[in-house]
Amino acid sequence: MGAFLAALGAVLLFVLKAVGILLLVVLVLVVLLLLCPFCADLCWEHGVLTVKAGALGITFPVFLYPKPEPPPAPENPEPPRGFGKVKAKFAAWRAERKRKKAEEKARKKAAAAAAKANKPAQPRKKAKITLEILCTMLKGAGTLTKAVFGALRITKIQVRLGVRGEDPAAAARSYGKLQAWLYPVLGVLDRFLWLQFDELRILPDFGSGQPTVEDRVSCRVSAQALFIVLAAVRVLYEFWRKKVLDIFL
């Protein structure tokens, strides 16, 4: 009996060690993920907006607007063969499975709605909004906004724009108006955001006699999620302590 208990204790100790090591690895991965700088590359060129997202400076395309038109389908498509036939059957099976899941979900939702309608509703008392709760909400929103703007880094900004008009006089007036508000706005934004310009070229385009500028606006937006998550946790704790969450729950 003693040997059995000793073996059981050794097994439990091994399981606890394995669980502890697994939790430690997960915690380390979460911390590294929060410390990892996420980034997104935005580029507008030739009337096309491209967005790439990723981390550690490695990005992949995730959004394109407007999307290129798909090629026209052939009038007499050949039936799939080999692996294409298997792929077509798998796609049909997935579509049928998705349809059945949607029908089952709709049926359960209708049954739950019917059961809820038959059950007498009991009015729930919600917390009232007081001046203290309103001040706490505004303070929390300010803390989150400050954390987000403090964590954001907008770098590799490239702006190349040609200001045009119906005639040279109109182009000159548009160029003057743009210069009048552009730099004050950039000065205000620089007080709240981290901005790093690689290129800023805005030139009047009076026509074919002047060198034209290829319009291009691009930048990289990066941030570390750790500071935003810490601020969000602090705000949620303050909301829970001041019973602000009772209004929404």
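Biologist: What share of the 249 residues of the protein counts as buried?

Modeller: Buried means under 20% relative accessible area, exposed means over 50%, and partly exposed lies in between, with a 1.4 Å probe and protein chains only. This is a predicted model, where local features need pLDDT of at least 70, side-chain atom pairs count only at pLDDT 80 or more, and totals for chains, interfaces and linings use all residues. Residues are numbered from 1 along each chain as its sequence is written, and side-chain values use heavy atoms, leaving out hydrogens and water. Of the 249 residues, the buried share is 16%.

Biologist: Is Val-19 buried, partly exposed or exposed?

Modeller: Val-19 sits in helix α1, residues 2-35. Its relative accessibility is 41%, so Val-19 counts as partly exposed.

Biologist: How many helices and strands are there in the protein?

Modeller: Both are DSSP runs numbered from the N terminus: helices are H or I with at least four residues, strands are E with at least two. Along the sequence the pattern reads α-β-β-β-α-α-β-α-β-β-α. The protein has 5 helices and 6 strands.

Biologist: What percentage of the contacts with a separation of 6 or more is made by residues 24 or more positions apart?

Modeller: A contact means heavy atoms within 4.5 Å. Among contacts in the protein with a separation of 6 or more, residues 24 or more positions apart account for 70%.

Biologist: How much of the accessible surface of the protein belongs to carbon and sulfur atoms?

Modeller: Accessible areas come from the Shrake-Rupley method with a 1.4 Å probe; for residues, only the protein chains shown count as cover. The accessible surface comes to about 19900 Å², and the part belonging to carbon and sulfur atoms is 68%.
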